[in-house]
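Let's take a walk through a protein chain together. Keep the picture open while you read.

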Amino acid sequence: MIYNNNSAEFEKFCSMIELYPINIIVDKASSYNDIIYLTKQNQYEKIFVDYDDIGKKIVNQILKKNPKQKIFLMNENFECPMEKDCYTCRKKYQKNIIIKPLCQNQLTKILSRKFTCESENLSHKEFTLEKIKKKVQQKYPYLTFDYCKDRDSFLSNNISTSALVYVTDLLNKHQIEFQVTHKNQILIN
């Protein structure tokens with residue numbers, strides 16, 4: 001089951017699901033009433049919710065009915081239904097946050113039950129940097145691009161000028177101060 005009000009994102013999700021050699025049935029709900037109706041009629045192994053204002057209401061309703069329901073919150077913002085209490089959430093609930101955009105690697109981990117909440121114990125800055133990293137990897141999949149927490153920097157091999165401009169534009173958009181070294185490594189201030 002997936003709640004998403006963006007049909008392009010839903011189509012991408014379905015095309016990623018189709019790559020697996022297993023039979024998976026996906027129901028789509030694009031409104032609050034649709035998802036509440038479907039969750040009353042069916043039992044779902046996993047529910048994906050686009051965590052917007054409607055998604056917040058959906059999560060509350062689902063958890064009232066079944067606190068152990070496995071829910072994946074697809075999120076672009078640094079928000080959590082448990083107010084960043086990762087320990088309680090992990091012990092009591094089955095919710096995980098997926099930092100958008102969703103990629104094939106994450107979906108594989110989710111289906112193989114090896115996925116953990118991506119925002120667990122992250123600061124706002126780290127969450128934003130992870131989101132930027134995912135957007136860069138989506139646009140430049142050939143690029144080895146990692147955020148090094150110890151050095152507070154983005155490290156990359158042979159970063160092209162266009163990729164460097166893309167990364168720095170995203171950092172500027174999210175108001176993250178940085179410097180670019182002579183080796184085209186990006187140091188976060």
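Start with glutamine 175, which sits in the loop between α7 (161-173) and β8 (178-180); helices (H or I, at least four residues) and strands (E, at least two) are DSSP runs, numbered from the N terminus. This is a predicted model, where local features need pLDDT of at least 70, side-chain atom pairs count only at pLDDT 80 or more, and totals for chains, interfaces and linings use all residues. Residues are numbered from 1 along each chain as its sequence is written, and side-chain values use heavy atoms, leaving out hydrogens and water.

Glutamine 175 has 74% relative accessibility, so it counts as exposed (buried means under 20% relative accessible area, exposed over 50%, partly exposed in between, with a 1.4 Å probe and protein chains only).

Asparagine 121, in the loop between α5 and α6 (124-139), also has a positive phi, near 60°. With 57% relative accessibility, asparagine 121 counts as exposed.

Now for a peptide bond: the one from lysine 100 to proline 101 is cis, with omega near 5°. Proline 101 belongs to the loop between β5 (95-99) and α5 (104-111).

Finally, zoom out. The protein chain has 7 helices and 9 strands, and 43% of its 189 residues count as buried.
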